[in-house]
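Dear colleague,

I am passing on the structure we spoke about, and below it you will find a short account of what was found. Please read the text with the model open beside you.

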Amino acid sequence: MSDAAQTRTPWYRILYVQVLIAVALGIIVGIVSPGFGKSLKPLGDGFVNLIKMMIAPIIFCTVVHGIASMGDLKKLGRIGFKTLLYFEVVSTVALTIGLIVVNVLKPGVGFTPAGTVFHSTAKAAETSGFVEKAHAMTASDFLIKVIPDTLFSAFTSGNLLQVLLISVLVALALVGMGDRGKPILGAIERASELFFGVMRIVVKAAPIGAFGAMGFTVGSFGIGALEKLGILMAGFYITAGLFIVVVLGLIARACGVNIFRFIVYIKDELLLVLGTSSSETALPGIIEKMQRLGCPKSTVGLVIPTGYSFNLDGTNIYMAMAAIFLAQATNTPLNLSQQIGLLVIAMITSKGASGVTGAGFITLAATLQAVPSIPIESLAILVGIDRFMSECRALTNLVGNGVATLVITRWEKEITPEELRANLQNPLPPLT
């Protein structure tokens, strides 16, 4: 669509405006009529489920096409190594920043009287489901979790790592087939266009999902929060914001891009994430936006889907802050070496998280399973505010993966800073 056509589009037909209005209405409904707000939960859940049903096939087609279209296994190995190296470095920075901030703020100190041993609360039962899921995400069974039971079960398990494994194996097989694999690759590309077309239809329901999700959140948990939890939330939001502006901002600047201009460029996807608390809802959009920015389809197809499991900056910050907060709240002393050990464990367990709402909470449970000194029952403290934390986690994760794509594209010298800046002003035409 041309700039002139976009200018003629009525404001009320612009998706991100509709999402903003829906979010505002959801908040109002949650405040005025909490009971009715709670009843809107199926709207938010239904929209997220619609998105989730398309994630596995889209990731499969995107990764297979991205890898197989390279053709050059040496290039594939080079880009893959650079991608994982970048992910690990930035993830470590995110975890370290979260650890420093929570030790400075000490939001959990004084949550329970000194000397009190934390016991299960009335809300402890609410965490049981999260803890059961966390057993499958501990470091010891990480490799087992990556391998699906069957070729097709990877697409029904909701486990992105399994889908990535199948996608990589299929892509490598296609590369090995040479010219004989080109018809199959072409069919996968056509299937990708089909799935993106379905997703564009589904995303039109985003305002309904955002309205339901926000109505339920505010109706269930209210606007206010306990002082200590409020400090934790504020600290997390400020830390994530500074991480985006300072850390990711400097990285984007090194690529020749202004982080604020980039954020404006992906505002539709960010507002979609804000309304649903899930970065998965924006996966198709961010893939298309990065390609329209001039990043090669092969690079985008490798970096973005992989980043959804290996580059979760917001989740990493949250895990570091939440785990130490719970240690402080339960009067569990952790020295520096123990905190560093917790950081290492978090680096491993976070690799099993995806952009699904609540995944960060489950990953936190997995981390606490490996740190028995912090009582697992203490997770009940965070149940009420996790929805609010989830929004910030998802937003940070999305921006982080977008910047990661810029880094790898520039590292491979596939685009110049001047071209990136020009495409930010006038993006390439939409994918067909």
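**Around Phe-262**

In this predicted model, Phe-262 is in contact with Val-257, Met-290, Leu-293, Val-399, Gly-402, Val-403, Leu-406 and Leu-424, when its neighbours within four places in sequence are left aside. Phe-262 also belongs to the largest nonpolar core, which has 110 residues, and together with Tyr-86 it touches the most other members of that core. Helix α4, residues 41-68, gives this core its largest share, namely 13 residues.

**The protein as a whole**

The protein has 21 helices and zero strands, and buried residues make up 53% of its 432 residues. If you take the contacts between residues at least 6 apart in sequence, 84% of them join residues at least 24 apart.

Helix α16, residues 313-329, has 17 residues and reaches 24 Å from its first C-alpha to its last, which is close to the 24 Å expected at 1.5 Å a residue. Because 17 of the 17 residues of α16 are buried, this helix is largely enclosed by the rest of the structure. After α16 comes Asn-331, whose phi is positive, near 55°.

Ile-28 lies in helix α2, residues 15-32, and it counts as partly exposed because its relative accessibility is 47%, which falls between the 20% and 50% cut-offs.

With best wishes

Methods: Residues numbered from 1 in each chain as written. Predicted model: local features only at pLDDT ≥ 70, side-chain atom pairs only at ≥ 80, totals over all residues. Heavy atoms only, no water. Core = buried A, V, L, I, M, F, W, Y, C linked by side-chain atoms within 4.5 Å. Buried < 20%, exposed > 50% of the residue type's maximum accessible area, 1.4 Å probe, protein only. Helix = DSSP H or I, 4+ residues; strand = E, 2+ residues; numbered from the N terminus. Contact = heavy atoms within 4.5 Å. Expected span 1.5 Å × (residues − 1).
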